[in-house]
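Hi,

Here is the structure I promised to pass on. Have a look at it first, and then read my notes below.

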Amino acid sequence: MREPRLTLITRPGCHLCEDAKAALDRVVAVTGDRWVEQDVSGDVEMEREYGDRLPVVLLDGKEHGYWRVEEQRLLKDLTTPQL
């Protein structure tokens with residue numbers, strides 16, 4: 001099985017993170033992809049990079065968006081063939 005293309009960067013107690021998890025579940029229900037969660041707690045570098053913008057969605061390791069999941073855009077980007 002290949003690695004998940006989606007990573008959701010979160011922290012405990014983040015209400016927007018809970019919304020983002022539900023949005024990612026809806027997206028992967030359509031595409032068949034998987035996603036993983038990465039918590040910034042205890043990681044100084046990640047907290048510095050993403051702390052003010054959580055949750056952050058990474059697609060193939062690159063930032064796709066933050067605060068809210070743009071579901072239609074993400075669906076399009078996941079289903080468009082990669083070059």
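Let's start with Y66, which counts as partly exposed because its relative accessibility is 37% (buried means under 20% relative accessible area, exposed over 50%, and partly exposed in between, with a 1.4 Å probe and protein chains only). Before going on: this is a predicted model, where local features need pLDDT of at least 70 and side-chain atom pairs count only at pLDDT 80 or more, while totals for chains, interfaces and linings use all residues. Residues are numbered from 1 along each chain as its sequence is written, and side-chain values use heavy atoms, with hydrogens and water left out.

A search of the whole structure turns up one aromatic pair. The ring centres of Y66 and W67 are 4.8 Å apart and the planes sit at 75°, so this pair is edge-to-face (Phe, Tyr and Trp rings, the six-membered one for Trp, pair if their centres lie within 6.5 Å; planes under 30 degrees apart are stacked, over 60 edge-to-face, the rest tilted). W67 is partly exposed too, at 42%. R53 lies over the face of Y66, 5.4 Å from the ring centre (the cut-offs: NZ of Lys or CZ of Arg within 6 Å of the centre and within 35 degrees of the ring normal).

Now for E37. With a relative accessible area of 43%, E37 is partly exposed. Which residues does E37 touch, leaving aside neighbours within four places in sequence? They are L8, T10 and K21, where contact means heavy atoms within 4.5 Å. E37 and V57 are 20 residues apart in sequence, and their C-alphas are 9.5 Å apart in space.

Cheers
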